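I opened the notebook today to record what I looked up, one item after another. The entries follow the order in which I went through the coordinates.

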Amino acid sequence: MTTRPLIVAAIAILCAADIAAAAPKPNIVHIVADDLGWKDVGFNGCTDIKTPNIDRLAATGAKLTQFYAQPMCTPTRACLMTGRYPFRYGLQTAVIPSVSAYGLDTTEWLMPQCLREAGYQTAIIGKWHLGHADRKWWPRQRGFDYQYGAMIGELDYFTHDEHGVLDWFRDNEPVKEEGYTTTLIGKDAARLIENHDASKPLYLYLTFNAPHTPYQAPQEYIDRYKNIADPTRRTYAAMVACLDEEIGRVVAALDKKGLRENTLILFHSDNGGPRNAMFTGVMADVAKLRLPADNGPYREGKGTLYEGATRVCALANWPGHIKAQAVNGMIHAVDLYPTLAALAGASTARCKPLDGLDVWSTIAEGKPSPRSEIVYNIEPFRAALRQGDWKLIWRTMLPSSAELYDLAQDPSEKNDLVSAHPDKVAALQKRLDTLAKDAAKPLFLLDQFKVVMKNMQGEPVMPTDEAFGEADAP
């Protein structure tokens, strides 16, 4: 009499395990925009730019209201590929300049390597920016079965070059072709999906270079926004509109192929929109322009340690698996690696110690996030940390300075509480100092030191493509 319920329960557990084991692994389409402002999508309140395809995904999925990235491009992309903060391997400062010869440490076990080992077909379509000077850093050498797009960070949208040097490749070979990069990326992604062998799960890392500088768009898209008076904002709006249409093309391809119901779509920006010309790039003279990106209520933008640089627009959508709601738990870009690996049944045993956490229940169901701390960045000259709702920005260059904010009450970082809470400042500084003891030296600074030394010796050097500095200082 007493054993029967136990037997029934055991059978139920075994059946559930069999069903889980038999369930197909989800396809993963991970879409990253480049320098997109937090408020430049409809689901975050934008009114002058239309993003119906992105908004539809947000409306039927999870709007991730506290999704964090790094302040700049290369560091964020390194987080996505490693599940580890970039200060651990030297990519925490700025981006990899086009004239530089360093890349993401080849001893890191990357997301595509992890997923490919679990049976996934892996592809990157779009921007890489984790090393270009040696093929050992290229995507095909780092776990991707297929590659199409740019290796560096900034390129002409129509000629696909940077300062006259072509930066457009397919499977390690240069490609000369006509077309607007956003459209080419979207079409190639749709083609990949249409030709995909559905018996294998797909991991597609879809990394648009829009709407990064230079601000360029096809005239047909610009003409849609004649109501926007500022010409730079008008072109930027056209770039975002084209990005949205290509995302719609990709979703339609998934539908047509019959893959949509078993595909997780992630979308976010690599950092906030630039609000300082220092961080826009080198291919356009933006000093006299009104920078077009809108980060909404969040302070400053790309390159700084404020929320406008690091809290980015983000969503997740998977029919039948993710509730349609706003998810307010803290999530960082490093969390996507362990989260996706767990969904894919992939082992992370070959990874170095991960900073990321499995946040699937937070994304899918809105449960409390297991994350209570965000490391915005750790560099020799500045760092920032969030614990709970308290955020510290610490500039260590002499004379040193600190700012403290209560993000629950002050998400716009207007009210500096550093004088009112010295004990909290000291505790957060101690935590940052402990983390900094494990930090690798920034490869960007080492590289720039070499450039300076060459210049002092009279050897000509090319300028780098994005500078670092104290642009977040008030």
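This is a predicted model: local features need pLDDT of at least 70, side-chain atom pairs count only at pLDDT 80 or more; totals for chains, interfaces and linings use all residues.

Which residue in E12 is the bridge partner of Leu266? In E12 I find Ala316 as the bridge partner of Leu266. I then looked up the two strands involved, and E11 (residues 263-269) and E12 (residues 314-317) pair in the antiparallel sense over 4 bridges.

My last entry concerns helix H11, which spans residues 422-436, has 15 residues and reaches 21 Å from its first C-alpha to its last, close to the 21 Å expected at 1.5 Å a residue. Which residues of H11 are buried? I list Val425, Leu428, Gln429, Leu432 and Leu435. These residues are on the same side of H11 because they cover an arc of only 120° around the axis. In general, an α-helix has 3.6 residues a turn, so residues three or four places apart point the same way. Asp423 and Lys430 are exposed, and they sit on the face of H11 turned away from its buried side. For the cover over the buried residues of H11, I note that it includes strands E15 (373-379), E16 (382-387), E17 (390-395) and E18 (401-406).

Definitions and conventions: Residues are numbered from 1 along each chain as its sequence is written. Side-chain values use heavy atoms; hydrogens and water are left out. The expected span of a helix is 1.5 Å times one less than its number of residues. Buried means under 20% relative accessible area, exposed over 50%, partly exposed in between (1.4 Å probe, protein chains only). The arc is that of the directions from the helix axis to the C-beta atoms. Contact means heavy atoms within 4.5 Å. Two strands pair if DSSP finds at least two bridges between them.
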